[in-house]
Amino acid sequence: MADHYEVLGVAKDASPEEIKKAYRRLARELHPDVNSAPDAEDKFKNVTHAYDVLSDPEQRRRYDMGGDENPFGGAGGFGGFGDIFEQFFGAGGGGGRAAQPRSRRERGQDALVRITLDLGDVVFGVHRDIEVDTAVLCETCQGSCCAPGTSPVTCDVCGGSGHVQRQVRSLLGPVVTTAPCGSCQGYGTVIPNPCPTCQGQGRVRSRRTVGLDIPAGVETGLRLQLPGSGEVGQAGGPNGDLYVEVQVAPHPVFSRDGDDLLATLEVSMTDAILGTTTSIDGLDGPVDLEIRAGVQGGDVLTIKDRGVTPLRGSRRGDLRVGVHVVTPTKLDAKERQLVEDFAKRRKAPGPQLAQFQQGLFSKLRDRFRTH
Ligand SMILES: [Zn+2]
Ligand SMILES: [Zn+2]
């Protein structure tokens, strides 16, 4: 630990006024808000700590007597009531602590937007331009908060430390407490000429468009993270992240079961008896489908690779359609005669009980209800 007098560049017998002057000069030069050199902050801390000790007559006296002292401030030996004070009253007190000014640098907040996708978007993935209302960098001051051509100046009230010391009475007798400087809100610097565009905030609210490639296979509730696309940081701090939460709108025909798509295929009684070929509208265009003669209600037809492209992996799911045979409800006289003739010819047995079957189609239907 360098000698406090050397750190401040003053003589051992310097007057309180000289010490204060020296500290102000150095603080103005080294404050992290105005000095971007990598070692400026450490130097600033040392200078501030030296000032903390030497500006307090009691601490200075002990320091001059060679009282041992820990590098985080607070004279050792008999003193150190800063630490005692903290034990009793929690952090924030502490006469001898080398209080640091608050940095204006702050990480921007995360932002969340919700988007609704169609099932078709989910099957293949989609590009969306997303409108985000958030804080962006002020172009006028580039985030410095200062009017062009001006810069922050060291706070006169606290001398740049961001804190002021006050002597208060406590159970332990008079104690020096440290409180954030009200004049600079603890930053140690003030901005005499705030940027007119952002009123000294360094950021302005704005609507901006973020392009996003949404991968195939996303599901409702999934959050996509765009690092650094949230609120811009303060005073050069890192940006927050943007989260995009996906909601998949229900589709009038298709439901999703993992990577498979489900639908019902209505087949007329005659097509079910005779069989037919047809073309159905899949989410990615027409699909040829052969319905064999004698297909039963509840049969499930699987069309390979026409489901959802999975989020991870490459093989698409299948499209599964459950057959629903539609019995005609209105027949004219001629049709009725034909069906009666057919029934006579078939000599089909009447309705019969059989074992209850939890068939594939009913399973399919159960899934429909839960999706
Ligand atoms: Zn500005
Ligand atoms: Zn201040």
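In which sense do S1 and strand S9 pair, and over how many bridges? I looked this up first. S1 and S9 (residues 242-248) run parallel, with seven bridges between them. I count strands as DSSP runs of E of at least two residues, numbered from the N terminus, and two strands as paired if DSSP finds at least two bridges between them.

Before going on, I note that this is a predicted model, in which local features need pLDDT of at least 70, side-chain atom pairs count only at pLDDT 80 or more, and totals for chains, interfaces and linings use all residues. Residues are numbered from 1 along each chain as its sequence is written, chains are lettered from A and ligands numbered from 1 in the order in which they are written, and side-chain values use heavy atoms, without hydrogens and water.

Sheet. I find three strands in an open, mixed sheet, ordered S1-S9-S8. S1 (111-117) and S8 (223-226) each have a single partner strand, so they are the edges and one side of each lacks a neighbour in the sheet.

Zinc site. I list Cys138, Cys141, Cys195 and Cys198 as coordinating the zinc ion (ligand 1) through SG, at 2.3 Å. Donors are N, O and S atoms within 2.8 Å of the metal (3.2 Å for Na, K and Ca); water is not among the atoms, so sites may look incomplete. Their spacing in sequence reads C-x2-C-x53-C-x2-C.

Conventions
Helices (H or I, at least four residues) and strands (E, at least two) are DSSP runs, numbered from the N terminus.
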